[in-house]
Amino acid sequence: MQRLLIVSNRLPITIQEKKGDLHIEHSVGGLATGLSSWYKSSNSIWIGWAGIGRKKIKKEKDIMAKLLSENCYPVSLSQQDVEAYYHGFCNRTIWPLFHYFPLYAEYSEDFWQAYERVNTAFANVVAGIAKPNDIIWIHDYHLMLLPKLLRERLPKATIGFFLHIPFPSFEIFRLLPWRIQILEGLLGADLVGFHNYDYTGHFLDSVHRILGYEVGMGQITATDRVVRADAFPMGINYEQYSSAAQDPQAQAERKRFRKKLGDCRVILSVDRLDYTKGIPQRLEAFSMFLDRNPKFKRKVILVLLVVPSRTRVEQYIQLKKQLDGLVGEINGKHGTIGWMPVWYLYRFLPFHSLAALYSLADVALVTPLRDGMNLVAKEYTATKADGKGVLILSETAGAAQELGEAIIINPNNQEEIAQALAKALEMPEQEQIERNRIMQKRLRRYDVMRWANEFMDKLLSTKKLQREMEEKALTYEMQRKLASDFQESDKALLLLDYDGTLVPFAPRPVDAMPGANLLRLLEKLTRNSRTEVVLISGRDKDTLEGWFGGLDMGLVAEHGVWIKEKGGGWETIETLTSEWKEEVYPILESWVDRTPGSFIEEKEYSLVWHYRKADPRLGELRARELMNNLSNTIANLNLQVLEGSKVVEVKNTDINKGRAASRWISREKWDFILALGDDWTDEDTFRVLPSTAWSIKMGFGASAARFSLSSPSKATSLLRKMARRR
Ligand code: ADQ
């Protein structure tokens, strides 16, 4: 069985120093809670910070031994690094920004450097432990540089990354001065997972717009490999919660709580202390609810359970003060002798106490302003074994996408929350049960095990996809074989595409003119009488003539509309018309008007709309619209619409590179044929080749070509190797 290395900022256990002695405690938090059950049942090691320096751990040998016996491996961090990395970059930069609190985000170079240092420290520890077959699963926003750092050290490793907080929209993410490094860091993974499709979409959007990589169907074509991004809504340990209320300890605790709460109905609120959770707004909404519904006075109690968190960050200190004040105010305003409307608990509770509160509560009020997922909502629903209880849930929590049967509210709308409370307290039992049963079924099916297993399956399938692509890659040995076949051949035909194959794309087509080296290389290849070179391009004939007219080679322009034989003149092979242009040109013009940066290229028998310089998302949207529009317009015109690399081209039907290539292929008994191309117009060439031919596509992706190379520079270096041998 493959070993799993889980890497997260904190280990699932914490070492604490009490009166000079070290003790082990289990950590709080969604990740630790969620993964621990999965992790115990598999062959895993957990790597993370233990909350204490390594020297101290080493001094107490039994603590180290205990950590190792729990398969935990500590990363040691200096106090200063913890300060600037954890309390700084993680909690004062990424956390507020990714939760749409840009005004709270601090951009400090010192914080950033500490973040880089700590990610590097993690990379060193993981690389020291990892074996070739291990799966490495990295968690959360503390370690976003780690995938790339590990990829550099372990190029073949299987690496997954899961982000537990939201990935914000491009407009927010772009504010980060280190946005490029963060995206490149994440793309070191093979699979990047998020709680829902919104976050996945935001991430893909940023990758596309900031790094310029092609993205589609959750797949990113990075420079040297394909990376996938997908949604995996994190589940909970359903059985643990659904059976929790039966636990004798929980039952005893429930009795104790009930005694304190009297006959009052219970509204429960459970969070870490955090400004993203919307706790003050919730309290104010509760106060408004009491104002509007006096009949509930002395009949309900809001149990406000808050776990201390990040107690050293200024905003959290302020928030704590604000909460203390608000609770006092509300209790002062509405309370009576014998009835305190808010029962405020500022502490961590053991599982059985939390379960007792969940099972006791008539309503769970979960109203974060932003939350990656929110496990409390799921835990509450799962604990309701008898199906009674109402969940009020914020639409900006990731969990809202799965728990649509809850009362969904906008957390900034206090009026709506107050109304939701009244509705919840008056909801008929039958309706409560119906709503909860649907949600419970979903939570039971997609529990934390399923979440982790689905992530693993997708990670392994991504690895498989990469391997299949690698198998197509023209290895160094194959290149030598190709060059020697070429050397031994008597009659060799080279069919070469130009843009994206021999040269990379340039923002404007005219900028992609061939340099002196490329012209020399082509000249060298054409000089040999046993070789025939043909350039098959979509470009217009004048450009090709201007750039390559002086070389002794065949030229094909406009995908086959124009052909120039070696030593001959330009001829057109078909009787083509171009009157249709008058009808199509104005359509393209209106697309140019609506898409800044796009333009029209007019060729003799075709029209091309280019959008490489337009905003990528807008460009793609407009291209789709244009294709739709054109397919209606040209229905009776004997035309075809082709989609190339950032272009939409309209031309006569029956013209394609394959037809043009056939003219040469069928002419001689070639004993060596090579075809190079990059986009789908070259697929027509690949398809007409005999099976013995060498066909190579630049870049990844499905293709009729037998092999692939990653970039134009690899293609020219192959041609150079061949030229040397001839
Ligand atoms: P958190 O922000 O920590 O997690 P959440 O998902 O609600 O938020 O998890 C909190 C966990 O702590 C729950 O399992 C809950 O039972 C426990 N807990 C809360 N208060 C407690 C108390 N007083 N005593 C004991 N236990 C308490 C981050 C993201 C979330 C995401 C999770 C998981 O911010 O959006 O859901 O990771 O990915």
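Buried residues are those with under 20% relative accessible area, exposed residues those with over 50%, and partly exposed residues those in between, for a 1.4 Å probe and protein chains only. The views below show a predicted model, in which local features need pLDDT of at least 70 and side-chain atom pairs count only at pLDDT 80 or more, while totals for chains, interfaces and linings use all residues. Residues are numbered from 1 along each chain as its sequence is written, and side-chain values use heavy atoms, with hydrogens and water left out.

Figure 1. Tyr498 is buried, because its relative accessibility is 0%. Rings of Phe, Tyr and Trp (its six-membered ring) pair if their centres lie within 6.5 Å; planes under 30 degrees apart count as stacked, over 60 as edge-to-face and the rest as tilted. The structure holds 36 such aromatic pairs. In one of them, the ring centres of Tyr498 and Trp547 are 5.8 Å apart and the planes stand at 55°, so the pair is tilted. Tyr498 lies in the loop between β18 (492-496) and α20 (516-526), whereas Trp547 belongs to helix α21 (residues 541-548), so the pair ties together parts 49 residues apart in sequence. Helices (H or I, at least four residues) and strands (E, at least two) are DSSP runs, numbered from the N terminus. Trp547 is buried, with a relative accessible area of 17%. Tyr498 also pairs with Phe548, in an edge-to-face arrangement with 5.3 Å centre to centre and 75° between the planes. Because Phe548 lies in helix α21 and Tyr498 in the loop between β18 and α20, this pair ties together parts that are 50 residues apart in sequence. Tyr498 and Phe548 are both buried.

**Figure 2. The nonpolar cores.** A nonpolar core is a set of buried Ala, Val, Leu, Ile, Met, Phe, Trp, Tyr and Cys residues joined through side-chain atoms within 4.5 Å. The largest core has 170 residues, of which Tyr85, Ile136, Met144, Phe167, Phe203, Phe289 and Leu393 touch the most other members. Apart from this core lies another, of 43 residues, among them Tyr498, Val503, Leu719 and Ala723. Contact means heavy atoms within 4.5 Å. When residues up to four places away in sequence are not counted, Phe167 touches Phe98, Tyr100, Phe173, Leu183, Leu186, Phe194, Tyr199, His202, Phe203 and Ser206. Ring pairs link Tyr85, Phe89, Trp112, Tyr115 and Trp178 into a cluster.

**Figure 3. Two loop residues with positive phi.** Most residues other than glycine have a negative phi. Tyr100 has a positive phi, near 65°, and is not a glycine. Tyr100 is placed in the loop between α4 and α5 (109-129), and its relative accessibility of 23% means that it counts as partly exposed. Asp140, also not a glycine, has a positive phi of about 80°. The loop that holds Asp140 runs between β6 (135-139) and α6 (146-153). Asp140 is buried, at a relative accessible area of 9%.

**Figure 4. Gln80 in helix α4.** Helix α4 (residues 79-98) contains Gln80. Gln80 counts as exposed because its relative accessibility is 58%.

**Figure 5. Ala420 in helix α16.** Ala420 is found in helix α16 (residues 414-426) and is buried, with a relative accessible area of 4%. Residues up to four places away in sequence aside, Ala420 touches Ile392, Ile407 and Ile409. Ala420 and Thr543 are 123 residues apart in sequence, and their C-alpha atoms are 68 Å apart in space.

**Figure 6. Ser695 in strand β28.** Strand β28 (residues 694-698) includes Ser695, which is buried at a relative accessible area of 4%. Leaving aside neighbours within four places in sequence, Ser695 is in contact with Ala675, Phe686, Leu689, Ala704, Ala705, Arg706 and Phe707. Ser695 and Leu495 are 200 residues apart in sequence, but 9.4 Å apart in space, C-alpha to C-alpha.
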